[in-house]
Structures are given as structure tokens and as C-alpha cells.
Amino acid sequence: MPLSALSNEPVKYIEIPISGVQIRLKFCKTCSLLRPPRASHCPVCGVCVERFDHHCPWVGNCIGKKNYALFVTFLWVLTVNQGYMWGICLFHILKARAESEDWGTTIDQEVAEIVLGAFSAVVKSI
């Protein structure tokens, strides 16, 4: 049956036997194609994605079968970067505290590190 015939019918899926097992393929009216199992249509991108996980606004792309490993690697690199940045900020603050008389002087001297650490903590939590 051609795909043009499927789009006119109210059929939402079609079952195809593969190696003796019935596989259900859903039809996407927007993309006009039969989606493989575990595929979903992303309303943001307007495409069907295999093993669709989510649409990531930070990356500006759908996360699915083809880029999931890269996305997880990206998250690990961001986490390591965040830890390194917090460590450097903390090191500078503690170093300034050891050289100064009180916390008030330390805060006045290390405003940039405090602001950077607080900003990165807020961005990381989003």
C-alpha cells in the first residue's frame, strides 16, 4: 500500500510481520511517513526522531538515537567544567581569606569570584 493512500485513511498504525513477529509502525501525518518503533514526532523541530528523548533548548536540537551519546558526553564535560570553576573560585576566596584580617575584607577583594560562583550555581541548577 503506498504512503499516499495511508495519509487519506484514518489508519493510525500498520502492523508488519518481520521474522514472524508483528511490528506496529505508527503513521505520522505531519511527516507523512511510517515511524519505526520508539520514534516520536518533535513538535519544536517538526521532524520524527528515532528513540526520541527530549528537545533540548540549550543545544537547540532533539536528543535521540543518533546523538544521545554525544549529549551525555556534553553533560559530563559541563559538570567537570563546573566543578573546576567552583574549585578555582573557592581556592581564590580561601587564599584571600588567609591573607586578610576578616571576612568583610575578603568579600570586598573577591567580589568577582563570589559573583561568578553564584552565577554558575544558578545556571547549573536550571
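This is a predicted model: local features need pLDDT of at least 70, side-chain atom pairs count only at pLDDT 80 or more; totals for chains, interfaces and linings use all residues.
Two strands are said to pair if DSSP finds at least two bridges between them.

**Figure 1. Hairpin of strands E1 and E2**. Strand E1 spans residues 13-18 and strand E2 spans residues 21-28; the two pair in the antiparallel sense over 6 bridges. Among the bridged positions, isoleucine 18 has valine 21 of E2 as its partner. The hairpin leaves 2 residues between the strands, and serine 19 adopts a positive phi near 55° there.

**Figure 2. Hairpin of strands E2 and E3**. Strand E2 also pairs with strand E3 (residues 33-35), in the antiparallel sense and over 3 bridges. Cysteine 28 stands opposite leucine 33, a residue of E3. In this hairpin 4 residues lie between the strands, and serine 32 has a positive phi near 55°.

**Figure 3. Helix H2, residues 68-99**. This helix has 32 residues. From its first C-alpha to its last, H2 reaches 47 Å, which is close to the 46 Å expected at 1.5 Å a residue. The buried residues of H2 are Phe71, Gln82, Cys89, Ile93 and Ala96. An α-helix has 3.6 residues a turn, so residues three or four places apart point the same way.

Figure 4. Phenylalanine 74 is located in helix H2. Its relative accessibility is 36%, and phenylalanine 74 therefore counts as partly exposed, given that this class lies between the 20% limit for buried and the 50% limit for exposed residues.

**Figure 5. Overview of the protein, as context for the close-up views.** The protein contains 4 helices and 7 strands. From the N terminus on, the order of elements is α-β-β-β-β-β-β-β-α-α-α. Of the 126 residues, 19% are buried. The accessible surface comes to about 9300 Å², and carbon and sulfur atoms account for 64% of this area. Among contacts with a separation of 6 or more, 16% involve residues 24 or more positions apart.

Conventions
Residues are numbered from 1 along each chain as its sequence is written. Side-chain values use heavy atoms; hydrogens and water are left out. The expected span of a helix is 1.5 Å times one less than its number of residues. Buried means under 20% relative accessible area, exposed over 50%, partly exposed in between (1.4 Å probe, protein chains only). Contact means heavy atoms within 4.5 Å. Accessible areas come from the Shrake-Rupley method with a 1.4 Å probe; for residues, only the protein chains shown count as cover.
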